[in-house]
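Good morning, and thank you for coming. I shall speak briefly about one structure, which I now ask you to look at with me.

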Amino acid sequence: MPPASMTTPMTGHSVMTAGNALITIRPCTNFSELDDCVAIQEQVWGYDERDIIPRRLFVVARRIGGQIFGAFTSTDQAESRLIAFAMALPGVRDQVPYLHSHMLAVLPPWRNAGIGRRLKLAQRDDALARGFRLMEWTFDPLEIKNAFLNIHRLGAIVRSYTPDFYGPLHSDLQAGLQSDRLHAEWWLDSAHVRRTLSGENALAPEVVVETIPVTHEVAAWKASPDARHQAVALQAANRAKLQEAFTRGLVAADFSRDAEGNGFYQLTNLANVDFHPIHEGSRSSGS
């Protein structure tokens, strides 16, 4: 059964600094702040009205026990404003409750300052306080920074891949490629996650069974109509490699980057990952 506190309003604040700005992580609490979440979607992903999540769904998410955390910045010269948000919805699979983190967006000037990670940690604190032990989300297998954050910095594991998960997306970032997605499983209070968040290497090199690379050139390929076919080819090749690896029972439990910015999925046997699932039926099924 879902935790009794599932519909308890999310609470809590945390503060960080970026440059000369003070950034507060807290729940979004009013319609104006939710309208800003809608506007940020347009600025980050270039969505049109067919793909935008409207304000009313943010309202429903809060009502049914989801999460809408915002990062608000303020300086001596400017009032507080929303620069990033994370939104999650509650779900139940095989009688096990979990949270699905559907969106995390950071405005371009504020990226690479650790704000996305702090939003995820706020989600984790709130989820654990309300009795959730699992959070899931999807991400593009070709996005190196996202994979590094999700797997290496947060300790999510990946063992499921869905081709064209959302169908056609009307976003410049998708660049006409199919909306393939990996499914991140974040076992919030597991030893694996605790070690990762403390800065320890989550996966020892000797237990890595397979490495699947993602070239840093993929971003430029996606942005260029003349080179986009190379991004399509890489997507197809890595789709086959990852799906085949998952079929063999392997799991992506770490992700590394080299000096040039290339990314590498590090896969191992599930037995090497101390994530203690609630029960096996609660794993991501790609649905």
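Predicted model: local features only at pLDDT ≥ 70, side-chain atom pairs only at ≥ 80, totals over all residues.

**Strands and ring contacts**

The strands concerned are β7, residues 157–162, and β8, residues 181–187, which pair in the antiparallel sense over four bridges. How many residues of β7 are buried? Six of its six residues are, and the strand is therefore described as mostly covered, with buried meaning under 20% relative accessible area.

I turn now to the aromatic rings. The count comes to five aromatic pairs. One of them joins Phe 58 and Phe 85 edge-to-face, at 5.7 Å centre to centre and with 70° between the planes. This pair links distant parts of the chain, since Phe 58 belongs to helix α2 (residues 55–63) and Phe 85 to strand β4 (residues 81–93), 27 residues apart. Both Phe 58 and Phe 85 are buried.

Why is the pair of Phe 255 and Tyr 265 edge-to-face? Their planes stand at 75°, and over 60 degrees counts as edge-to-face; the ring centres are 4.7 Å apart. Phe 255 lies in strand β10 and Tyr 265 in strand β11, so this pair ties together parts that are ten residues apart in sequence. Both Phe 255 and Tyr 265 are buried.

Finally, we come to charges and rings. The charged end of Arg 26 sits over the ring of Phe 72, 3.8 Å from the ring centre. Likewise, Lys 120 places its charged end over the ring of Trp 137, at 3.7 Å from the centre.

How values were computed. Residues numbered from 1 in each chain as written. Heavy atoms only, no water. Phe/Tyr/Trp six-rings, centres within 6.5 Å; stacked < 30°, edge-to-face > 60°. Helix = DSSP H or I, 4+ residues; strand = E, 2+ residues; numbered from the N terminus. Buried < 20%, exposed > 50% of the residue type's maximum accessible area, 1.4 Å probe, protein only. Lys NZ or Arg CZ within 6 Å of the ring centre and 35° of its normal. Pairing = 2+ DSSP bridges.
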